[in-house]
Amino acid sequence: MGLLEGKKAFIFGVANDKSIAWAIAQAFHREGAKLAFSYAGDSVAKRVIPLAESLGAELVVPCDVRNDEEIARAFLSVNEKWGGLDILVHSVAFAPKDELKGSFLDTTREGFISALEISAYSLIALSRAAAPLMSGRNGSIITLTYYGGQKVFPNYNVMGVAKAALEMSVRYLAEAVGPDGIRVNAISAGPIKTLAAAGVGGFNQIAGHVAEKAPLRRNINQDEVAGAALYLASPLSRGVTGEVHFVDSGYNVIGM
Ligand code: NAD
């Protein structure tokens, strides 16, 4: 029997087959979970719908996380289909490209609001919609973060501030939904070449530095993040909540 046999998982953040959320979805599918996917915008739909179908997804719904009505509709559809939810994966982030290069001093008001809204507030909005569906089912909410939310990295800029807000939201949310038996955790992934990563100026330089300096002397891949997500989604981690779990070849433990 799979680790997630019979569990229902709603996955936010598949853009293409390089997305971290896609590796997570495949791992969940292998372990017996039933899947629902969301997508933001028609261009993403074209790629997400066939991917979702290839895993026998039971639901694929539009949801831009800036839109409260779309969020409400998405979770209503899930509830109508499944009558509850066990796992929510939040693998969503965005900042305008101009904010992800140059000096942090040039961060614009609009860029700040947009990055924080899409990359951090959205976890709160999705958790609020998911919590009533997860109550009494040992639910697990998982988000994706990056070490740039704890330390300064070149060009990561406002996204670092958004990840710091996201990680603190994980702790507050863990406390808010813990009494209903719902857990909230983040995975802090090392750099991986995806669509989102391509937007960060000097990405190759950061990835090269990790490969040189991290204890494992290499970068990680999507499947390694998916392994950690599987643990956090499953009863194996039933005593774990409010955590930021690093999957980064150990890079974060190095001082010099
Ligand atoms: P990705 O581009 O494949 O995924 C980002 C997703 O966010 C996309 O599916 C996109 O459609 C979605 N998104 C953006 N704006 C949205 C909106 N308004 N509404 C709904 N969805 C929206 O890239 P990824 O690297 O798989 O990123 C997934 C998560 O992992 C992000 O939170 C990212 O910050 C995090 N992360 C990535 C890395 C890395 O190096 N790739 C490292 C650590 C953490």
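I first wrote down what a pocket is: on a 1 Å grid over the protein atoms alone, an open set of points with protein on both sides within 12 Å along at least five of seven lines, and its lining residues have an atom within 4 Å of a point. The model I am reading is predicted.

I began with the second largest pocket, which has a volume of about 150 Å³. I listed its lining as Phe104, Gly148, Lys151, Val152, Phe153, Tyr156, Asn157, Gly160 and Val161. By class I noted five nonpolar, three polar and one charged.

I then turned to the largest pocket, with about 1200 Å³ of space. I found 44 residues in its lining, and Ser91, Val92, Ala93, Phe94 and Ala196 lie nearest the centre. The lining splits into 30 nonpolar, nine polar and five charged residues.

Which pocket holds the ligand? I found the ligand in the largest pocket. I noted 28 residues around the ligand, the closest being Ser19, Ile20, Lys163, Ile192 and Thr194. This shell has 19 nonpolar, six polar and three charged residues. Helix H6 gives the largest share, three residues.

A polar side-chain atom of Asp64 lies 2.9 Å from a ligand nitrogen atom. A backbone N or O atom of Val65 is also 2.9 Å from a nitrogen atom of the ligand. I recorded that the ligand taken alone exposes 820 Å², of which the protein buries 91%.

Definitions and conventions
Residues numbered from 1 in each chain as written. Predicted model: local features only at pLDDT ≥ 70, side-chain atom pairs only at ≥ 80, totals over all residues. Heavy atoms only, no water. Near = heavy atom within 4 Å. Polar contact = N/O pair within 3.5 Å; in protein donor to acceptor, adjacent residues only side chain to side chain. Areas by Shrake-Rupley, 256 points an atom, 1.4 Å probe, with all protein chains shown as cover. 1 Å grid on protein atoms, 1.4 Å probe; cavity = no way out; pocket = protein on both sides within 12 Å on 5 of 7 lines; lining within 4 Å. Sits in = over half its atoms within 2 Å of the grid points. Helix = DSSP H or I, 4+ residues; strand = E, 2+ residues; numbered from the N terminus. Nonpolar A, V, L, I, M, F, W, Y, C, P; charged D, E, K, R; others polar. Points joined across faces, edges and corners; volume = space filled by probe spheres on them.
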